[in-house]
Amino acid sequence: MMKEVLQALKNVKGGPKTTVIGALMMIFGGVLIYTADFTFTWASVEVGIFIVGVYLCLINDSKKDE
């Protein structure tokens, strides 16, 4: 399961839209983590959303023309 997710993320091209979507996902994931009523775990959906948002923000924009 995790290999499919990582392979899908490798195919994402960087660019301004990707950075904005990544920032929005980071904010959304952060709010979900902050407002969660249960103990923080690394296997939660909220953390997954946040980590994918960080990845999308950090993709090198120069790769968009490849």
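1. Glu46 has its place in helix α3, where a helix is a DSSP run of H or I with at least four residues, numbered from the N terminus. This residue is buried, with a relative accessible area of 16%; buried stands for under 20% relative accessible area and exposed for over 50%, with partly exposed in between, using a 1.4 Å probe and protein chains only. Leaving aside neighbours within four places in sequence, Glu46 is in contact with Gly29, Leu32, Ile33 and Phe38, contact being heavy atoms within 4.5 Å.

2. A word on the basis of these remarks: this is a predicted model, in which local features need pLDDT of at least 70 and side-chain atom pairs count only at pLDDT 80 or more, while totals for chains, interfaces and linings use all residues. Residues are numbered from 1 along each chain as its sequence is written, and side-chain values use heavy atoms, with hydrogens and water left out.

3. As for the chain as a whole, its secondary structure comes to three helices and zero strands, and from the N terminus on the elements run α-α-α. Buried residues make up 18% of the 66 residues in the protein chain. Among contacts between residues at least 6 apart in sequence, 67% join residues at least 24 apart.

4. Helix α2, covering residues 16–35, has 20 residues and reaches 29 Å from its first C-alpha to its last, which is close to the 28 Å expected at 1.5 Å a residue; the expected span is 1.5 Å times one less than the number of residues. Within α2, Thr18, Gly22 and Gly29 are buried. They cover an arc of only 35° around the axis, which puts them on the same side of α2, the arc being that of the directions from the helix axis to the C-beta atoms. On the other side of α2, the exposed residues are Pro16, Lys17, Leu24, Ile27 and Tyr34. An α-helix has 3.6 residues a turn, so residues three or four places apart point the same way.

5. Helix α3 is made up of 14 residues, which should span 20 Å at 1.5 Å a residue, and its end C-alpha atoms are 20 Å apart, in agreement. Its buried residues are Glu46, Val47, Gly53 and Leu56, and these pack against α2. In turn, the buried residues of α2 pack against α3 (45–58).

6. How do the two helices meet, and at what angle do the axes of α2 and α3 cross? The axes come within 7 Å and cross at roughly 155°, where axes are lines fitted to C-alpha atoms, for helices over the stretch in contact, and angles run from 0 to 180 degrees between N-to-C directions. The helices α2 and α3 are therefore roughly antiparallel to each other, a description used for angles over 145 degrees. The contact involves residues of both helices, including Thr18, Gly22 and Gly29 of α2 and Glu46, Gly53 and Leu56 of α3.

7. Gly53, in helix α3, is buried with a relative accessible area of 0%, and leaving aside neighbours within four places in sequence, Gly53 is in contact with Gly22, Met25 and Met26. The C-alpha atoms of Gly53 and Thr19, 34 residues apart along the chain, are separated by 8.5 Å. Thr18, which lies in helix α2, counts as buried at 14% relative accessibility, and, not counting residues up to four places away in sequence, Thr18 touches Val12, Lys13, Leu56 and Ile59.

Key: Parallel < 35°, antiparallel > 145°, perpendicular 65-115°, else oblique.
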